[in-house]
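Here is a short briefing on selected local features of one protein model. Please look over the sequence and the structure first.

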Amino acid sequence: MRFRTLLFLLLAIQIGAASFAAADTSRETVSAPSVPILLYHRFGPTVADGMTITTPVFESHLRYLKDNGYTVIPLRRLVDWYLKKGPPPPPKSVVIVEDDAHKSVYTDMLPLAKKYRVPVTVFIYPSAISNAKYAMTWDQLRELKKSGLFDFQSHTYWHPNFKKDRKKMQPAEFEKSVDMQLMKSKARIEKELGVKVDMLAWPFGIYDDYLLKKAAGAGYIATFTIERRHATAGESVTKLPRYLLINADQGKAFVQILAGTAPKRNIVY
């Protein structure tokens with residue numbers, strides 16, 4: 001009898017330990033999210049260039065997310081978690097962003113964002129707005145803002161290639177140019193749209209320690225690259241990765257991106 005009682009006690013201890021370990025693992029999973037940031041550029045009925053995703057393919061992405069239990073969260077919520085200002089994102093969280101404020105964001109993306117009720121952050125370079133034929137106008141951006149689904153952040157002032165600029169400019173000239181690109185963009189977007197601009201997407205994904213320091217000095221609390229992986233707990237909020245999507249990222253390829261198993265790809269921006 002004593003041996004049997006002792007055996008029961010040992011089994012109970014083992015079960016309790018296993019339960020505690022499982023609970024602890026569960027807590028780790030909750031506190032350490034892995035979130036894909038999906039980056040789009042432009043939309044249309046056909047693939048006009050390497051950055052165009054057809055509007056039906058974009059809708060297929062949103063439909064898949066909805067049908068398979070994903071939660072599209074605002075980019076701000078993810079950044080707040082990194083800054084310890086908010087709770088971790090829920091399981092199966094996804095973030096949707098767009099670079100350049102292309103006019104198809106207004107014609108194609110806005111109706112689908114409304115249909116599926118998903119938040120989007122648009123990274124703007126203001127020199128194109130209300131100027132370039134391919135870009136939205138400030139009034140169109142204000143309409144996006146009224147939907148309550150769109151946030152607006154900086155993509156510098158005119159989308160420079162900092163790597164090329166550094167080679168052709170003197171150090172003082174380069175520093176002045178960087179300061180202008182970072183600060184003028186921020187000021188213009190805040191003035192036109194009445195939003196807080198403190199996040200930056202690096203043009204062409206180009207950044208280094210010098211540029212990161214400059215961005216922090218200009219008031220940016222988070223910056224974003226085009227490195228093709230999930231944003232995990234171990235990332236620095238100063239260089240969060242994003243998946244630059246192309247039209248081929250549909251069906252199985254899109255599922256692989258969400259799972260974090262997509263093959264590496266050399267991006268030609």
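Asp249 sits in the loop that runs between strand E10 (243-244) and helix H9 (252-259). The model is predicted.

**Asp249**
- Asp249 has 2% relative accessibility, so Asp249 counts as buried, the cut-off being under 20%.
- Beyond its neighbours within four places in sequence, Asp249 contacts His61, Arg228, Leu244, Phe254, Ile257 and Arg265.

**Helix H9**
- Phe254, Ile257 and Leu258 are buried in H9.
- Viewed down the axis of H9, the buried residues lie within an arc of 95°, so they line one face of the helix.
- These buried residues pack against strand E1 (37-40), helix H2 (55-67), strand E5 (93-99) and E10.
- Lys252 and Ala259 are exposed, on the face of H9 turned away from its buried side.

**Helices H7 and H8**
- Helix H7 (residues 171-193) packs with helix H8 (residues 209-217) at an angle of about 50°, and their axes are 10 Å apart.
- H7 and H8 are therefore oblique to each other.
- Their crossing is right-handed.
- H7 contributes Phe174, Glu175, Val178, Asp179 and Leu182 to the contact, and H8 contributes Tyr210, Leu211, Lys214 and Ala215.
- By class, the contact of H7 with H8 holds six nonpolar and three charged residues, with no polar ones.

Definitions and conventions:
Residues numbered from 1 in each chain as written. Predicted model: local features only at pLDDT ≥ 70, side-chain atom pairs only at ≥ 80, totals over all residues. Heavy atoms only, no water. Axes fitted to C-alpha atoms, helices over the stretch in contact; angles between N-to-C directions. Helix = DSSP H or I, 4+ residues; strand = E, 2+ residues; numbered from the N terminus. Parallel < 35°, antiparallel > 145°, perpendicular 65-115°, else oblique. Left-handed = near helix turned anticlockwise from the far one by under 90°. Contact = heavy atoms within 4.5 Å. Nonpolar A, V, L, I, M, F, W, Y, C, P; charged D, E, K, R; others polar. Buried < 20%, exposed > 50% of the residue type's maximum accessible area, 1.4 Å probe, protein only. Arc of directions from axis to C-beta.
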